[in-house]
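User: I'd like to learn how to read the sheets, helices and chain contact in a model like this one. Could you take me through it?

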Amino acid sequence: MSEVVEKKSSKKLKKAEYVPQKSSDVKELQKHLQLFGYLNPEDAAFGVEENRPPQPEESALESLKTSFIEPGKMDKATVEALKKYQEFHGLDVTGKLDRKTLDELDQKRCGMPDLGEFSTHGNKWSTTSLTYGFDNYTTDNGLTPAKIHEAIAQAFAMWAAETPLSFRRVNNSASADIRIKFVSGAHGDGSAFDGKGGVLAHAYYPPPNSGALAGDAHFDGAESWTINIPTGSGKVDLVTVAAHEFGHSLGLRHSNVNGSLMFPTYAGPMRYLHADDIAGIRTIYGGYSIENAPWIHGTSIQVEYPERLERITRAGFYTYLYGKPNTTNWFHFALPTPVIKDQKRLKVVCAILRFRTFSTKAMVDHVHIYDGYSKIAAHNNLSLSGDNWFKKFGVAHKPYVYWGLGISIGVSFSNGTLNERRMDFVSAGCDLIN
Amino acid sequence: MKQNTVENQPGIINFREDIQKFSISFHQKNTIDSQFTCIVPDSGMIPQNLQKPGTKVVFTGVLVKDPTLPPPRMGGEQVYLLAELRSIE
């Protein structure tokens, strides 16, 4: 039995013989490719290449030149995204909007008439400042209330980084918008859990749905919850499932995009939003208006344990380094932060990093965000590698900034060749709002 | 109305306070939270010894989509009317 979902309507592309003549057709194409996940404006803006080989300094600098999406133009990024789409769908990889490609784009996908893959419930919160609280906790796999607080905040931060929403934890869960609890079997809401391995969790849509239950998220206590990656056999990543459930709490239904957080299947840890998730949540709540966005070059990075590096080089405006095998390290950025603008104190939405690693032997595991000495967000167990040209790390409660933002990045280098243990830090920034 | 038949389907008995009806829910395999909530129109359809929330059952019956039923409350939920209950244990 399949779930019937509402779909976002999408204009049909006009039939064109070959390359589209009108910029409006290209804009529609770009929108479709973005929805399908082939075209990420941020990646395209900063230049993405898969399996980028190590390069001498000069060509490395060249490779960091930006390429942009030009709305309405068949630019390089759009052509490359179209080629990926054609390859995935078994079409001739021409990079051109030929008739067969147009037919494929217009075709119904998964039996759904429209091309948007996410779906929304219809309800939304009337406020963007939401609170959450815990009725209880689990002690599975060494979890403590403090660790659970951090994990749940990390899950909320994923949504906060892309919307005007903020999420603040309160001690009195009875007064919270979103109540969180770990329960087994029948637990008083008319929807009992079914034991280990069945339903992992459930969450109620926003008000006025379900009265006092609206927005609440329940986690099946019969599951074995963990925040470790890899999770281990039979264990479920709390951050991933929580972020999925909070998507429902905010008004999202399931998506048909395999690889999105709102896809129905649990496929292991996923500590980030897919482009489809972002598109979905923004149709409900929109984005946020940036008041200030300070950035700092990678040359400013501070290394906590220099003796654990084999080599570190500052090249132009970025730093590239090679970690010693089987080591961990922390790297720090101190962002010059305008805490007051136009006599108003600013709030932080997210930190943003531009970096790349050359293999999975060099991984970013943790990103912690500080205001002065105070840690205001922790993104843990990330297992990030490869090209990350615009990676956001949200701060769930979007606090006022007082002392200046710092970003600490925890990395690990395992056994591998020198080049496999290379990591480049290009720059770091943040988004600030009023 | 569209009908679906389920046979020997494991499920769980629930009681929906908001509509004062029993329901039988079952999980869609390999999903985080997709489930089918089958509203039982008449409590007499459920044997009295099974009328306890959280009771695990195996049932065979016919499900229909009924526009008069309440909408889904949770992400991943689909709500059906249990039009016919052929067996339950």
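This is a predicted model: local features need pLDDT of at least 70, side-chain atom pairs count only at pLDDT 80 or more; totals for chains, interfaces and linings use all residues.

User: In which sense do S1 and S2 of chain A pair, and over how many bridges?

Analyst: Strands of a sheet pair through backbone hydrogen bonds, either parallel or antiparallel. Strands here are DSSP runs of E, at least two residues, and helices are runs of H or I, at least four, numbered from the N terminus; two strands pair if DSSP finds at least two bridges between them. S1(A), residues 129-134, pairs with S2(A) in the parallel sense over four bridges.

User: What is the strand order of the open sheet in chain A?

Analyst: The order is S2-S1-S3-S5-S4, five strands with mixed pairing. S2 (166-169) and S4 of chain A are the edge strands, each pairing on one side only. From one strand to the next, the twist averages 20°. Axes are lines fitted to C-alpha atoms, for helices over the stretch in contact, and angles run from 0 to 180 degrees between N-to-C directions.

User: Which strands does H7(A) touch?

Analyst: Contact means C-beta atoms, placed from the backbone, within 7 Å. H7(A) packs on the sheet and touches S3 (178-183), S4 and S5 (217-220) of chain A, at about 25° to the direction of S4(A).

User: And chain B, what runs S1-S2-S3-S5-S4 there?

Analyst: That's a closed barrel of five strands, again with mixed pairing. Its twist averages 55° from one strand to the next. Within chain B, S4 (residues 56-64) and S5 (residues 77-88) run antiparallel, joined by six bridges. Phe59(B) stands opposite Ile88(B) in S5(B).

User: How many residues does each chain bring to the contact?

Analyst: Chain A brings 27 residues and chain B brings 22. On the side of chain A that touches chain B, the elements giving two or more residues are S4 (201-203) and H7 (238-249) of chain A. H7(A) gives the most, with four residues.

Definitions and conventions: Residues are numbered from 1 along each chain as its sequence is written. Chains are lettered from A and ligands numbered from 1 in the order in which they are written. Two residues are in contact if their C-beta atoms, placed from the backbone, lie within 7 Å.
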